[in-house]
Amino acid sequence: MAAPNRLYSVLFNKCPRCGVGDFFITKSAYNLRNFDKMHKHCPHCGENLVPEPGFYQGALYMSYSFYVAFMVIYFLIFVNFFEKYIDYFLISIIPILIILTPLFYRLARRSWLALFIKPLEEKHPENSAH
Ligand SMILES: [Zn+2]
């Protein structure tokens with residue numbers, strides 16, 4: 001197993017410093033009551049997950065870029081493989097974006113913080129042997 005990296009912690013709801021403690025308190029983006037509740041500090045390493053008030057306003061840019069990237073990819077898939085059904089692109093894009101909102105909200109916050117926090121190097125004895 002590799003040392004914790006940014007992609008892993010962003011995708012799997014982990015603290016960007018240690019890759020062990022959870023970032024959001026629930027695993028699921030679709031827990032409607034708690035999907036947006038974060039740990040203030042990493043439960044494993046104590047890393048401050050809310051560096052300053054308003055820190056996560058910057059996450060808006062991340063989530064915006066996720067939406068744009070998703071729409072471009074989704075559109076290209078339609079144009080290339082389902083051109084006859086291109087009307088369905090317009091019909092489906094809004095509900096799909098709404099469904100993806102909690103997911104992108106969480107991804108955006110995790111990736112925004114991961115830009116500022118360097119992952120810890122794991123120091124396992126078996127890794128230093130070679
Ligand atoms: Zn941590």
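How much of the chain over residues 88-108 is helix, and how far apart are the end C-alpha atoms? Over that stretch the chain is 100% helix and 0% strand, with the end C-alpha atoms 27 Å apart. Helices here are DSSP runs of H or I with at least four residues, strands are E runs of at least two, and both are numbered from the N terminus.

Before going on, a word on what you're looking at. This is a predicted model, where local features need pLDDT of at least 70, side-chain atom pairs count only at pLDDT 80 or more, and totals for chains, interfaces and linings use all residues. Residues are numbered from 1 along each chain as its sequence is written. The predictor's confidence in each residue, pLDDT, runs from 0 to 100; its mean for the chain is 90, and 90% of residues reach 70 or more. Confidence is highest in helix H2 (residues 59-81), at a mean of 95, and lowest in helix H4 (residues 125-128), at 49.

The UniProt record, an unreviewed entry, places "transmembrane region" at residues 64-82 and 88-108. UniProt positions follow the numbering used here, feature names are shortened, and annotations may be inferred rather than shown by experiment. Over residues 64-82 the chain is 95% helix and 0% strand, and its end C-alpha atoms sit 26 Å apart.

Now look at how H2 and H3 meet. Their axes come within 8 Å and cross at roughly 145 degrees; axes are lines fitted to C-alpha atoms, for helices over the stretch in contact, and angles run from 0 to 180 degrees between N-to-C directions. Residues making the contact include Phe66, Phe70 and Tyr74 of H2, and Ile93, Leu97 and Trp112 of H3. Two residues are in contact if their C-beta atoms, placed from the backbone, lie within 7 Å.

The cut-offs, with C-beta atoms placed from the backbone, are 20 or more other C-beta atoms within 10 Å for buried, 12 or fewer for exposed, and partly exposed in between. The C-alpha atoms of Tyr61 and Arg110 are 12 Å apart, though 49 residues separate the two along the chain.

Asn13 isn't a glycine, yet has a positive phi of about 60 degrees. Most residues other than glycine have a negative phi. With 18 other C-beta atoms within 10 Å, Asn13 is partly exposed.
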